[in-house]
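User: Please examine the following structure with me, working from the overall fold towards individual residues.

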Amino acid sequence: FKHPNLNDSKQISEKKRIELTRIIQEKAIAWSVSFVEPIVIDRINILNASFLAMNRAVSRLSTQPEFLLIDGNRFRTKLDIPYECIIKGDSKNGSIAAASILAKTYRDYYMALLHEDFPEYGWNKNVGYPTKTHREAIKAFGPTPHHRKSFQLLPPQLSLNL
């Protein structure tokens, strides 16, 4: 189904996302958000970490779903629940858009909490994306335990072979 307030969740303002998060949490039969630590992401890669987070979230639901709709073109699970992958699903399906809104809202909230301990990285604004300011902070202060070491934090330096 399509819901005009949810579809294309990337185009929703922060204020609207927070309002929609409250509504989703109140109206959903069940909802769950999961987090995978940077050290685990470094070990298993970002794609497998996404699968892990989705599987954890589904496992923690108070009501077990009969069918899963997955945003993207692939998914791996050991759960005995049938699923369908939908490319750009957050712009095509209200349930996927709702999940995307919850994930983004919780990620942004988590980054705001990290910002309190590490304000020099600007995580309250860049929410972890590698902006110029964020890369400059990594260069000046080094990475934190919250940075993925497998992600290229800074561009490689040039070297001269003489």
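**Questions on a predicted model**

User: Which order do the elements of the protein follow from the N terminus on?

Analyst: The model is a predicted one. Its secondary structure comprises 6 helices and 2 strands. Read from the N terminus on, the elements run α-α-α-β-β-α-α-α.

User: What percentage of the residues in the protein is buried?

Analyst: The protein has 162 residues. The share of residues that are buried is 33%.

User: Among contacts with a separation of 6 or more, what share comes from residues 24 or more positions apart?

Analyst: The contacts considered here are those in the protein with a separation of 6 or more. Of these, the share from residues 24 or more positions apart is 43%.

User: How many residues does the second, separate core have?

Analyst: In soluble globular proteins, nonpolar side chains tend to be buried together. Among the members of the second core are F51, L68, F75 and I81. This core is separate, and its residue count is 7.

User: Which residues does A137 touch, not counting those up to four places away in sequence?

Analyst: A137 belongs to the largest nonpolar core. Once residues up to four places away in sequence are set aside, A137 touches E120, Y121 and G142.

User: Which helix gives the most to the lining of the second largest pocket?

Analyst: The second largest pocket, with a volume of about 190 Å³, has a lining that includes E14, R17, T105, D108 and W123. Helix 1 (14–27), helix 4 and helix 5 (123–126) each supply at least two lining residues. With 4 residues, the element that gives the most is helix 4.

User: How many residues of the lining of the second largest pocket are charged?

Analyst: The lining includes I18, Y109, A112, N124, K125 and V127. Its residues divide into 5 nonpolar and 2 polar, while the number that are charged is 4.

User: Is A53 buried or exposed?

Analyst: A53 is located in helix 3 (residues 46–59). Its relative accessibility is 16%. Because this lies under the 20% cut-off, A53 counts as buried.

User: How far apart in space are A53 and S34, C-alpha to C-alpha?

Analyst: S34 lies in the loop between helix 1 and helix 2, and at 18% relative accessibility S34 counts as buried. Leaving aside neighbours within four places in sequence, S34 is in contact with A53, R56, A57 and R60, and A53 is in contact with S34 and V36. A53 and S34 are 19 residues apart in sequence, and their C-alpha to C-alpha distance is 5.2 Å.

User: Where does N45 lie, and what is its phi near?

Analyst: N45 lies in the loop between helix 2 (38–44) and helix 3. At 39% relative accessibility, N45 counts as partly exposed. Its phi is positive although the residue is not glycine, with a value near 85°.

User: Is K88 buried or exposed?

Analyst: K88 is placed in the loop between strand 2 (83–86) and helix 4 (94–117). Its phi is near 55°, a positive value in a residue other than glycine. The relative accessible area of K88 is 59%, which is over the 50% cut-off, so K88 is exposed.

User: Which residue has a side chain joined to that of H147 by a polar contact?

Analyst: H147 is in the segment after helix 6 and is buried, with a relative accessible area of 5%. A polar atom of the H147 side chain lies 2.9 Å from the backbone nitrogen of T144. Side chain to side chain, a polar contact of 2.9 Å joins H147 to H134.

User: Which residues does P38 touch, not counting those up to four places away in sequence?

Analyst: P38 is found in helix 2 and counts as buried at 13% relative accessibility. P38 and S150 are 112 residues apart in sequence, with C-alpha atoms 9.1 Å apart in space. Beyond residues up to four places away in sequence, P38 touches P145, H146, H147 and R148.

Terms used: Residues are numbered from 1 along each chain as its sequence is written. This is a predicted model: local features need pLDDT of at least 70, side-chain atom pairs count only at pLDDT 80 or more; totals for chains, interfaces and linings use all residues. Side-chain values use heavy atoms; hydrogens and water are left out. Buried means under 20% relative accessible area, exposed over 50%, partly exposed in between (1.4 Å probe, protein chains only). Contact means heavy atoms within 4.5 Å. A nonpolar core is a set of buried Ala, Val, Leu, Ile, Met, Phe, Trp, Tyr and Cys residues joined through side-chain atoms within 4.5 Å. On a 1 Å grid over the protein atoms alone, a cavity is a set of points where a 1.4 Å probe fits but cannot get out, and a pocket is an open set with protein on both sides within 12 Å along at least five of seven lines; lining residues have an atom within 4 Å of a point. Grid points are joined across faces, edges and corners, and a volume is the space filled by probe spheres set on the points. Ala, Val, Leu, Ile, Met, Phe, Trp, Tyr, Cys and Pro count as nonpolar, Asp, Glu, Lys and Arg as charged, and the others, Gly among them, as polar. A polar contact is a pair of N or O atoms within 3.5 Å; within protein, one must be able to donate a hydrogen and the other to accept it, and residues adjacent in sequence count only if both atoms are side-chain atoms.
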